[in-house]
Amino acid sequence: MDSSSHRQESETCSPPSHHACLEANGPVDRLTRLAADLFQVSHAAIYRIVDGHLQLTSLTNSDDREPFDIEQYCMTLTDCDAPLILNDIGGCKGSNDALPDSRSGFFAGQPLRTPAGLPLGVLCIADAKPRRDFSTVQTATLDTLSGLAADLLQQRLSAENRRLSSVLFDRLGHDLRTPMNGILGMAELLLAGEDLTDNHRRRIEVIRRSGDTVLSMLESALDLAKFDTGEPDFDVSPFDLKQLVRSVISELERKETGREQQFQLTFCSEDHRDLLGSASQIHKLLSRFFDIASRLAADGSVQVSTMTELANSAIVQISLKAELVCSPDHELERLLSSSIQSVSAATGKRDETGLRIILCKKLAAMLGGSVGIKRHSDNRSTLWLTILTRTRPGNPVKSPLDERSSKPSSLEVKPRMADKTLDVLVAEDDIDMAMFIEDLLMEAGHRATVVHDGASVLRLLEQKHFDVVVLDGRMPDMSGIETAERIRQLPLEQHANLPIIALTGEALTGDRERYLSAGMNAYIPKPVNYDTLISTIKRYCS
């Protein structure tokens, strides 16, 4: 058989009539073509086991005539440990007098297994003509190709499992952020009241701090899952470093209400604007870095300094240093060298800090940087962080994280009333979350109409006027994105300019862009607080 013509025919995908043309499988397809070429056969195929059944994954076929049903023989191999080699096989699917050898043929197959011995699938070769023999060298070659095929199927299975895990954790994150928003939001509203006793205020503070801890653990688990799947979320957007650092410190101080903590911030360079990088991931990394510093500081005081310097004409290195006094018994070197195994095998607050450091180190490495600590005399230490970003020419622009930086510095301040009363239509399918949003709007002096699905939104918009619409991302009948798109298609001109705000637990990279491209004016990830929601509504209803 001519090898070049065989490759040409196989690449055009001419499978036998009872198989559909398969999608390209990259390395798997190349392996089947290699098997067909090495053994000079008309058929080479790889099947994998899916839910207990064989599924054709890759097929090379240079002859439309199929002397027998390959899959029938492959099925017998799934429970075997040794190869199956058959020669001069009879029993084709249909006789053809024009093909004198149509009732004869050759088949060789090898079971594919994981390193643990679990069945993965089958690699087989076949031809319309019988073979005189199948040598020991050819058997060894088939075994080698089968090992490669098993590795490829194992890689594919692992990739599919990672993808499914990623989808699962995305859904879990969305479903948990919504009730956590209810817990933290209601605690915020209660603390903003003036009629609380000191005892009640202390108890609500415990609820809020515990809720913040649970939310932080959730974010850590989701981050670890993303790192394990190899799919961390990296957006690219312009940001102002000074604004970002101040925003992170403000959020941390807000969470640590009642705890003595003071960050003294110094910017050692003015090149903090016009930087381009993963603003959301840098925000998350800085949050973890400053949180670790505050936990290690024995006296509650942390002196933070930042510096930017050009690594080359386009790359900027950001350096942060946190000067602090640590307790004499702090094993800082052990914490910095912590691994998931060492943390899981131990207990205590130090190992909580070790887990936070692991996440910080992983994220810093993803951003082209590192984390370390240097011990000085008198128990003083320097916790340092470096990351890489790029320069962005042009005028300074706002970071997509501006909405997050609008959180109040303290929960003790009573919410401010809005300048004017607005009619707000809220779509939220979670009853507790809907009640919380309604309470926030009422605190600001607005009138809220709450529904639980997108169809009700469209129906009410045709019946009365609303100043703004707040949409949840996931609702039972249609998503927030679909609801927004259908609002923009309503006949009245006022609906084209109606402010629509997304309020959703979908907080991954790309989610903000998806919502804004659907015609929404603003995107707020859960959990949300009073100041963020009310200031966003004011901004788009001015």
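**Figure 1. Confidence along the predicted chain.** The chain of this predicted model has an average pLDDT of 76, and 74% of the residues score at least 70; pLDDT is the predictor's confidence in each residue, from 0 to 100. Confidence is lowest in helix α1 (residues 3-11), with a mean of 39, and highest in β15, at 94. Over residues 340-350 the pLDDT stays under 50, and the model has 14 contacts beyond four places in sequence for this stretch, a contact being heavy atoms within 4.5 Å. Residues 395-414 also have a pLDDT below 50, with 53 contacts beyond near neighbours in sequence. Helices (H or I, at least four residues) and strands (E, at least two) are DSSP runs, numbered from the N terminus. Residues are numbered from 1 along each chain as its sequence is written, and side-chain values use heavy atoms, with hydrogens and water left out. Because the model is predicted, local features need pLDDT of at least 70 and side-chain atom pairs count only at pLDDT 80 or more, while totals for chains, interfaces and linings use all residues.

Figure 2. Strand β16 (residues 500-504) has five of its five residues buried, where buried means under 20% relative accessible area, exposed over 50%, and partly exposed in between (1.4 Å probe, protein chains only). In a regular strand the side chains alternate between the two faces of the sheet. Ile-500, Ala-502 and Thr-504 lie on one side of β16, Ile-501 and Leu-503 on the other, and all are buried. Strand β15 (residues 468-471) pairs with β16 in the parallel sense over three bridges; two strands pair if DSSP finds at least two bridges between them. Val-469 has Ile-500 of β16 as its bridge partner. From β15 the chain passes through helix α13 (residues 480-488) to β16 in a right-handed β-α-β crossover: with the strands pointing away from the viewer, the path from the first strand over the helix to the second runs clockwise. Strand β17 (residues 522-525) is also paired with β16 in the parallel sense, over four bridges, and Thr-504 stands opposite Pro-525 in β17.

**Figure 3. Cys-74 and Cys-124.** The count of disulfides, pairs of cysteine sulfur atoms within 2.5 Å, comes to zero. Cys-74 is in no disulfide, and the nearest cysteine sulfur, that of Cys-124, is 3.4 Å away, which is too far for a bond. Cys-74 counts as buried because its relative accessibility is 0%; Cys-124 is buried at a relative accessible area of 1%.
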